[in-house]
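The structure comes up next.

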Amino acid sequence: MNSLKNKVALITGSARGLGKAIAERYAALGADIVINYSRDKASADEVVSSINAMGVKVIAIQADISKVAEIERLFAEAKAAFGKIDIVVANAGIELVETPVVDFTEEQFDRVFSINTKGTYFTMQQAAKNVEDGGRIIYIASSTTSFPVPGMAVYGGSKTTPRYLVDILSKEIGHKGITVNSIIPFAVDHSGIFAEAGSYPELRKQLLDSCPMGRLAEVEDVADVAEFFASSLSSFVNGQHLLVNGGATN
């Protein structure tokens, strides 16, 4: 079993979904955890309670990552609480799907890019400044960055820029022993836009038809890879983008 004992992990957008699953996985492996949330304090408090029961330290910090000053405060408060940060998972994001290019509004564009692109960029910038030597930076991307899907132009585009940032940052800070990688999940069941049963039925069918394994991803599938990238097993894996998509080709 991988051990993250004596490590401190900060996961953005970790009050629910993928972020929650990754935070709980790291806690189960012995890491102390920084939960980040934007608005849903009740859900963040529930995650804190579940992680407390694992016998590690955990705090929840409210911060809207679309605002650079709040990202800087998030990292400052995390370091003040734990003294260091070893692992950062840039997970926070919003989805906007089934909207053709000709129908997107400026407001929608700005909202999606302010979180998924700008927010992720400055989260990873702060990670690069604050993560301990030998640490880990992990970006949660989207399979739409590899396989374009109609109706997801703005979402997929907003998730593509940070993928390039992974390539650059891995070269700029690799000399510190810090690895920078991305996880590229397929659509995740019981999370995000598929959190509620029966949501987006046409899109779900399209995605299921494209996957040889006949199912969507689960949060644990992504947490498995997040565990690998955070562990010593990936110490020489840097600047990589790992698809977690069951072999789907579109």
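Is Phe113 buried, partly exposed or exposed? Phe113 is partly exposed, as its relative accessible area is 21%; buried means under 20% relative accessible area, exposed over 50%, and partly exposed in between (1.4 Å probe, protein chains only).

## About the model

This is a predicted model, in which local features need pLDDT of at least 70 and side-chain atom pairs count only at pLDDT 80 or more, while totals for chains, interfaces and linings use all residues. Residues are numbered from 1 along each chain as its sequence is written, and side-chain values use heavy atoms, with hydrogens and water left out.

## Aromatic pairs

There are four aromatic pairs in the structure; rings of Phe, Tyr and Trp (its six-membered ring) pair if their centres lie within 6.5 Å, and planes under 30 degrees apart count as stacked, over 60 as edge-to-face and the rest as tilted. One of them joins Phe109 and Phe113, stacked at 4.3 Å centre to centre with 10 degrees between the planes.

Both residues of that pair, Phe109 and Phe113, sit in helix 4 (residues 106-130), four residues apart, about one turn of the helix. Helices (H or I, at least four residues) and strands (E, at least two) are DSSP runs, numbered from the N terminus. Phe109 is partly exposed, at 37% relative accessible area.

Phe194 and Tyr200 have ring centres 6.3 Å apart and planes at 80 degrees, so this pair is edge-to-face. Phe194 is buried at 2% relative accessibility, whereas Tyr200 is partly exposed at 30%.

## A buried loop residue

Thr99 is found in the loop between strand 4 (85-90) and helix 4, and Thr99 is buried, with a relative accessible area of 12%. Setting aside neighbours within four places in sequence, Thr99 is in contact with Phe104, Gly151 and Met152 (contact means heavy atoms within 4.5 Å).
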